[in-house]
Amino acid sequence: MGKTLRRPRGAALNMTQVNYKVPDDCKAKLESVSQQLGVSAAEGLELILKHLELDTDGLPAWADRDSIPEALPMAKAS
């Protein structure tokens with residue numbers, strides 16, 4: 001059995017804990033990538049988010065703009 005990857009003691013101070021349910025295959029992918037990087041799954045997710053490429057509108061570069069609803073639907077003119 002391998003060593004459990006953890007951040008150094010005290011490194012998580014002033015961090016917020018998140019808890020989301022994701023499909024098993026997504027969790028396995030995160031754990032696999034993190035293990036290959038030599039970091040914990042939490043640190044792996046942090047690295048993925050920090051390196052996520054966003055466009056000028058703050059959306060991921062791969063986002064399908066046609067499937068994103070408007071933030072505030074425009075009222076129909078009378």
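**Close-up views of a predicted model**

View 1. Apart from neighbours within four places in sequence, Ser40 makes contact with Leu5, Arg6 and Ser34. Ser40 sits in the loop that runs between α1 (24-37) and α2 (41-50), and because its relative accessibility is 13%, Ser40 counts as buried.

**View 2. Ser34 and its contacts.** Ser34 belongs to helix α1 and, with a relative accessibility of 1%, is classed as buried. When neighbours within four places in sequence are left aside, the residues in contact with Ser34 are Val39, Ser40, Ala41 and Gly44.

**View 3. The salt bridge between Glu31 and Lys27 in helix α1.** The two side chains meet with an N to O distance of 2.8 Å, and the residues are four positions apart in helix α1, about one turn of the helix. Glu31 is partly exposed, at a relative accessible area of 37%, and Lys27 is also partly exposed, at 45%.

**View 4. The salt bridge between Lys50 and Glu46 in helix α2.** The closest N and O atoms of this pair are 3.1 Å apart; because Lys50 and Glu46 are four residues apart in helix α2, about one helical turn separates them. Lys50 counts as exposed at 62% relative accessibility, whereas Glu46 is partly exposed, with a relative accessible area of 24%.

**View 5. A salt-bridge network of Asp55, Asp57 and Arg65.** Asp57 is exposed, at 55% relative accessibility, while Arg65 is partly exposed, with a relative accessible area of 42%. The model has a count of four salt bridges.

Notes:
Residues are numbered from 1 along each chain as its sequence is written. This is a predicted model: local features need pLDDT of at least 70, side-chain atom pairs count only at pLDDT 80 or more; totals for chains, interfaces and linings use all residues. Side-chain values use heavy atoms; hydrogens and water are left out. Helices (H or I, at least four residues) and strands (E, at least two) are DSSP runs, numbered from the N terminus. Buried means under 20% relative accessible area, exposed over 50%, partly exposed in between (1.4 Å probe, protein chains only). Contact means heavy atoms within 4.5 Å.
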